[in-house]
Amino acid sequence: MDSIRPHILTLNCGSSSIKFSLYRAGIQLERLLSGNLNRIGQSEPQLQITDSDVQTSDKKSIAGADYSTAIESLLDWLKQEGILEDLSAIGQRIVHG
């Protein structure tokens with residue numbers, strides 16, 4: 001990842017999934033990747049990542065017995081990819097109904 005400009009991670013949590021996007025900050029935000037954690041708390045939870053630059057998608061099984069475990073899986077993946085240390089902010093969408 002480009003450590004010259006800071007990165008922003010956005011989260012959108014649903015009942016059994018978490019959608020996320022990673023942006024490079026600048027005058028205009030540039031989406032670098034997006035993805036989701038599916039089937040949290042169900043059988044065979046998965047992490048799916050789509051790279052915005054090359055339009056490739058990767059899917060892998062994760063530990064996702066609950067939200068805490070699923071988020072840990074996402075953070076572990078971000079750390080392995082060298083993205084976690086470049087994060088400047090994390091935003092979460094909250095809906096009041």
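These legends go with a handful of close-up views of one predicted model. Residue numbers start from 1 along each chain as its sequence is written, and side-chain values use heavy atoms, with hydrogens and water left out. Local features need pLDDT of at least 70 and side-chain atom pairs count only at pLDDT 80 or more, while totals for chains, interfaces and linings use all residues.

**View 1. The open sheet has 6 strands in the order β5-β4-β3-β2-β1-β6.** Helices (H or I, at least four residues) and strands (E, at least two) are DSSP runs, numbered from the N terminus, and two strands pair if DSSP finds at least two bridges between them. Pairing in this sheet is mixed. The edge strands are β5 (56-61) and β6 (87-93); each has a single partner strand, so one side of each is left without a neighbour in the sheet. On average, neighbouring strands are turned by 15° against each other, direction ignored. The axes behind that angle are lines fitted to C-alpha atoms, for helices over the stretch in contact, with angles running from 0 to 180 degrees between N-to-C directions.

**View 2. Strands β3 and β4 run antiparallel.** Here β3 covers residues 30-38 and β4 covers residues 46-51, with 6 bridges joining them. Look for Leu33, which stands opposite Asp51 in β4. The loop between β3 and β4 holds Arg39 and also Glu44. Arg39 has a phi near 65°, a positive value in a residue other than glycine. Glu44 has a positive phi too, about 55°, although it is not a glycine. For accessibility, buried means under 20% relative accessible area, exposed over 50%, and partly exposed in between (1.4 Å probe, protein chains only). Arg39 comes out partly exposed at 36%, and Glu44 exposed at 62%.

**View 3. Asn36 is a buried residue of strand β3.** Its relative accessibility is 19%. The side chain of Asn36 makes a polar contact with the side chain of Asn38 at 2.6 Å. A polar contact is a pair of N or O atoms within 3.5 Å; within protein, one must be able to donate a hydrogen and the other to accept it, and residues adjacent in sequence count only if both atoms are side-chain atoms. Leaving out residues up to four places away in sequence, Asn36 touches Ile18, Lys19, Phe20, Gln46, Leu47 and Gln48, where contact means heavy atoms within 4.5 Å.

**View 4. Helix α1 spans residues 67-80.** Its 14 residues reach 20 Å from first C-alpha to last, close to the 20 Å expected at 1.5 Å a residue; that expected span is 1.5 Å times one less than the number of residues. At the start of α1, a side-chain oxygen of Asp66 comes to within 3.3 Å of the backbone nitrogen of Ser68. Just after α1, Gly82 takes a positive phi of about 75°.
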